[in-house]
Amino acid sequence: MLPTFPHAVPPEHAVDTAAWDATWLVGGAIERWSGPREAVRSPVCVDDGAGGITPVVLGHTPQLDGVAALEALDAARTAWSDGRGAWPTMRAGERIERLEQFVTELGKVREPVVRLLMWEIGKARKDAESEFDRTVVYVRDTIEAAKELDRASSRFALDGGFLGQIRRAPLGTVLCMGPFNYPLNETYTTLIPALIMGNTVVSKLPKLGALLHLPILEALRAAFPPGVVNVIQGDGATVIGPIMARGDVDCLAFIGSSRVANLLERQHPRPNRLRTISGLEAKNPAVILPSADLDLAVAECVSGALSFNGQRCTAIKLIFVHESIAEAFVARLVAAVDALRAGMPWEPGVTLTPLPEPGKPAHLAQLVDDAVARGAHVVNASGGGGRIHGTFYRPAVVYPVPPDARLFQEEQFGPVVPVTTFRELDDIDRFMRASPYGQQLALFGTDPTELGRLIDATCNAVCRINLNTQCRRGPDTFPFTGRKDSAEGTLSVSDALRAFSIRAVVAAARTDASEALVGEIVTRRLSSFLSTDFLF
Ligand code: G3H
């Protein structure tokens, strides 16, 4: 039921952070910050044996001030040098070599990063390993996609009386801000494409899940020219406010809430110069049709709603079940949720783990209380649903959640599974239209006519419809985006290369003289841009 915390840090799972404590990367140097530091407290606590629990302190992150933050921005701007810096003008092949060097070094710090994913954000070991390995694969796939793009760009376009070579050029300086739930993966899925396209970067680490980035700083420092990547940490308003207010950020890559995305965008004095790529909130519904295979639907909904304790933007956050099968579905759902194993992140077979956000269990309890006050029930209360122990919250299955409940509308981002019923497909359509979000939905059913109608009714409200499978981001070659308050721009291995670049063309009238001139530039390899060289 509820897990017990250990009496001491188990030495075989411990991680020593002394070598990286309070470090940051600026202008090609790893500095140890001598100003204020913040103790990083784990959601994993130790039990004092007398009923008290205390979070384990893992190390410290630097709490930089505005001056230091602007030093990082200046380093990135110097490396950019109005597009004339060594990095943005480097041939694609050389940039790719640096990325290959980086990914080799990244592989060497797998174990400390995986351990810190467990300790800092409570991610189960298997999921932490999978986040690390998926990130390495993403970097390698990005390198291959960049080579492909380079090959395609090496050709000349001929149209009308013109010839042109069209390439994708970097945007300038990118501010990358990742989230706490995938602190490694979702930072590097913007950082790496931004770098490979020739941009320079300031990466602000998430408040939770920052320490795990520090073992990687040396690999970044060694692989890239000074100032190309700068890694900062600190209070968001203190460090990001001055950076945005400068107006020198050309692209904001942000994974978090739409409230903060709007705030950051508004801080830029010339918003027309800012491109934003964001992944924001979602309230992805699952729809269980009368024809659904209930065993499959339950298994996918449990995993979809509760993987990493529901702390995924792609999680299933509201289940619509047809009223004719609601009782049978809910009974199976409760049994499956109550069978999930809770424990410490390093314990084998554990799915449910402590929550890293301070105050999160209390927040979830408020959402559940609100639904209960409006007529819903915690239908797995006898199995411990909704019980709290320190940083741990046993998943609550809440049913039937009425449309006026906060759980019907708000993103819970945690282990609460709200279930509601529907009679007509129009009920789903109405929910999708009213929702401020538009990321994905999951449809469970086997009737092709009904599914076809529902796909057409919802395809312009979301950006991915999952048939008899949970919502998710992967595979990383598929487009990952959303409508309304759920995203700006599209990410995927290849889409991200486009997102962090702009098309630029060298064009000439198609005359004998210009063809000869262009031919000479190319054959004598007098330009990196105007070139028919390509990468294998
Ligand atoms: O939190 C949002 C993540 O991008 C979700 O990724 O569907 O692979 O868990 P995932």
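A quick definition to start: helices here are DSSP runs of at least four residues, numbered from the N terminus. Keep that numbering in mind, since we will need it for one serine. One caution as well: this is a predicted model.

Let's take the whole chain. How many helices and strands does the chain have? There are 17 helices and 24 strands.

Next, overall dimensions. The C-alpha trace spans about 80 × 60 × 40 Å along its principal axes. The radius of gyration is 25 Å. For 536 residues, a compact globule would come out near 24 Å, so the chain agrees with that expectation.

Now the inside. Of the 536 residues, 57% are buried. Residues 24 or more positions apart account for 74% of them.

The accessible surface comes to about 21,100 Å². Carbon and sulfur atoms hold 53% of that surface.

Charges, briefly. The chain carries 54 positive and 61 negative charges. Their mean positions are 3 Å apart.

Now to that serine, Ser531. Where does Ser531 lie? You will find Ser531 in the segment after helix 17, and helix 17 covers 512-523. Is Ser531 buried or exposed? Its relative accessible area is 5%. The cut-off for buried is under 20%, so Ser531 counts as buried.

Which residues does Ser531 touch, leaving aside those up to four places away in sequence? Two arginines are on the list, Arg91 and Arg167. Ser154, Gln165 and Val522 complete the list.

That's the tour.

Notes:
Residues are numbered from 1 along each chain as its sequence is written. This is a predicted model: local features need pLDDT of at least 70, side-chain atom pairs count only at pLDDT 80 or more; totals for chains, interfaces and linings use all residues. Side-chain values use heavy atoms; hydrogens and water are left out. Helices (H or I, at least four residues) and strands (E, at least two) are DSSP runs, numbered from the N terminus. The radius of gyration is taken over C-alpha atoms; the globule rule is 2.2 Å times the number of residues to the power 0.38. Buried means under 20% relative accessible area, exposed over 50%, partly exposed in between (1.4 Å probe, protein chains only). Contact means heavy atoms within 4.5 Å. Accessible areas come from the Shrake-Rupley method with a 1.4 Å probe; for residues, only the protein chains shown count as cover. Lys and Arg count as positive and Asp and Glu as negative; His and the chain ends are not counted. The place of a charge is taken as NZ of Lys, CZ of Arg, CG of Asp or CD of Glu.
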